[in-house]
Amino acid sequence: MPTAIAVTSVDLVLPAPDRHTPGAAVLRPPGEADLEGALAETSALLERHGHLVAVVPPWLPPATVRRLHTVRAILETDRIALLDIDLPPLGTAVLVRQLRQLTVTDFSPGVIASAARLLSHYIHAGALLGTVAKLDRVPVGLKAHARSWSPSAQFAVLAHPTPHLARLGPAGSAGGRGALPPGPGFATHLTFARGSLSSDWVTAELAPAWQVQGVMENPLPADSAGWWATPKLVEFAAAIPDLSVLYQLVASVRREECRWCGFELIGDRCGFCAAPLAAPPPEAPARTGTRSRSRT
């Protein structure tokens with residue numbers, strides 16, 4: 001069976017792009033399962049799939065993160081990778097879908113786990129917001145804060161890979177090409193999800209400007225309103241959709257062997273044990289200064 005990809009909420013599991021892409025395991029949080037149940041759940045996944053790669057966003061509740069680390073420690077296994085990828089919720093769901101796609105290839109579990117950091121650099125994640133008054137994920141100037149109090153205000157915000165914020169004109173018009181977030185320079189599909197903000201700007205303005213090859217709407221992840229600090233939003237994420245392109249991208253990176261746990265990896269850090277590829281330089285020996293003698 002292919003390597004299992006796991007998430008902590010069902011709304012991070014987007015529909016499969018084809019019939020070959022497997023789903024993702026949903027690990028129940030502490031409020032829904034006790035520790036014994038979590039251990040049994042994880043053990044069953046390891047027995048069936050051999051290895052488990054779980055995406056652990058930094059915006060998860062601390063109790064959920066502690067539970068994942070506790071389970072891995074109690075099971076005393078090196079076959080669980082906990083990936084701390086920092087993307088907005090919908091962007092995280094898109095990355096999870098790409099990892100699910102890669103599990104049907106001949107890549108080893110170590111390569112799949114370490115590929116998450118590589119693939120995240122190619123995801124353009126942002127949102128159309130009705131206010132940025134409480135937004136702390138990207139730099140917000142004083143003028144943008146002041147304009148957020150207008151009931152008709154709308155802001156185009158890109159959080160990843162490069163922060164960008166611009167106020168849109170009336171009725172969501174771009175107000176000049178400079179207001180549009182910089183798009184990807186490669187073929188992508190656009191996934192978007194609506195909050196309580198009523199606007200077609202993402203499909204009518206952004207998608208054509210970014211020249212995306214397809215657009216798909218999905219339900220808004222439960223954590224999106226908290227991440228963007230407002231329910232008045234339309235979240236979006238553009239990413240590479242084709243498995244063949246994803247495969248070539250990952251395969252083009254040199255593979256190494258983790259010096260700590262022995263898993264294959266790409267990039268500069270192991271996805272399973274988080275050890276860096278290169279050993280840290282040895283500390284320079286402390287220099288002992290000569291103390292001058294005082295004349296008596």
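This note walks through a few features of the structure, point by point.

1. **What kind of model this is.** The structure is a predicted model, in which local features need pLDDT of at least 70 and side-chain atom pairs count only at pLDDT 80 or more, while totals for chains, interfaces and linings use all residues. Residues are numbered from 1 along each chain as its sequence is written, and side-chain values use heavy atoms, with hydrogens and water left out.

2. **The overall picture.** The protein chain holds 8 helices and 12 strands; helices (H or I, at least four residues) and strands (E, at least two) are DSSP runs, numbered from the N terminus. Of its 296 residues, 49% are buried. Here buried means under 20% relative accessible area, exposed means over 50%, and partly exposed is in between (1.4 Å probe, protein chains only). Among contacts (heavy atoms within 4.5 Å) with a separation of 6 or more, 72% come from residues 24 or more positions apart.

3. **Helices H1 and H2.** Two packed helices are described by the angle between their axes and the distance between the axes. Helix H1 (residues 35-49) packs on H2 at about 65°, with the axes 10 Å apart. Axes are lines fitted to C-alpha atoms, for helices over the stretch in contact, and angles run from 0 to 180 degrees between N-to-C directions. H1 is therefore roughly perpendicular to H2; the cut-offs are under 35 degrees for roughly parallel, over 145 for roughly antiparallel, 65 to 115 for roughly perpendicular, and oblique for the rest. On the H1 side the contact uses Leu35, Ala38, Leu39, Thr42, Ser43 and Leu46, and on the H2 side Arg67, Thr70, Val71, Ile74 and Leu75. By class, that gives 7 nonpolar, 3 polar and 1 charged residues (Ala, Val, Leu, Ile, Met, Phe, Trp, Tyr, Cys and Pro count as nonpolar, Asp, Glu, Lys and Arg as charged, and the others, Gly among them, as polar).

4. **A look at Thr70.** Thr70 belongs to helix H2 (residues 62-75) and is partly exposed, at 33% relative accessibility. Thr70 and Ala38 are 32 residues apart in sequence, and their C-alpha atoms are 9.8 Å apart in space.

5. **Helices H4 and H8.** The axes of H4 (residues 109-120) and H8 (residues 243-251) come within 10 Å and cross at roughly 100°, so these two helices are roughly perpendicular to each other. Val111, Ala115, Leu118 and Leu119 of H4 meet Leu246, Leu249 and Val250 of H8. This contact has 7 nonpolar, no polar and no charged residues.

6. **Cysteines.** How many disulfides does a search of the whole structure find? The search finds 0, a disulfide being a pair of cysteine sulfur atoms within 2.5 Å. The sulfur of Cys270 has its closest cysteine sulfur in Cys261, 3.6 Å away and too far for a bond. Cys273 is in no disulfide either, with the sulfur of Cys258 nearest at 3.5 Å. Cys270 is buried at 4% relative accessible area, whereas Cys273 is partly exposed at 28%.

7. **Backbone details to look up.** Most residues other than glycine have a negative phi, and most peptide bonds are trans. The peptide bond from His160 to Pro161 is cis, with omega near 10°, and Pro161 lies in the loop between strands E6 (155-160) and E7 (164-167). Glu76 has a positive phi, near 50°; this residue sits in the loop between H2 and strand E4 (80-83) and is exposed, at 73% relative accessible area.
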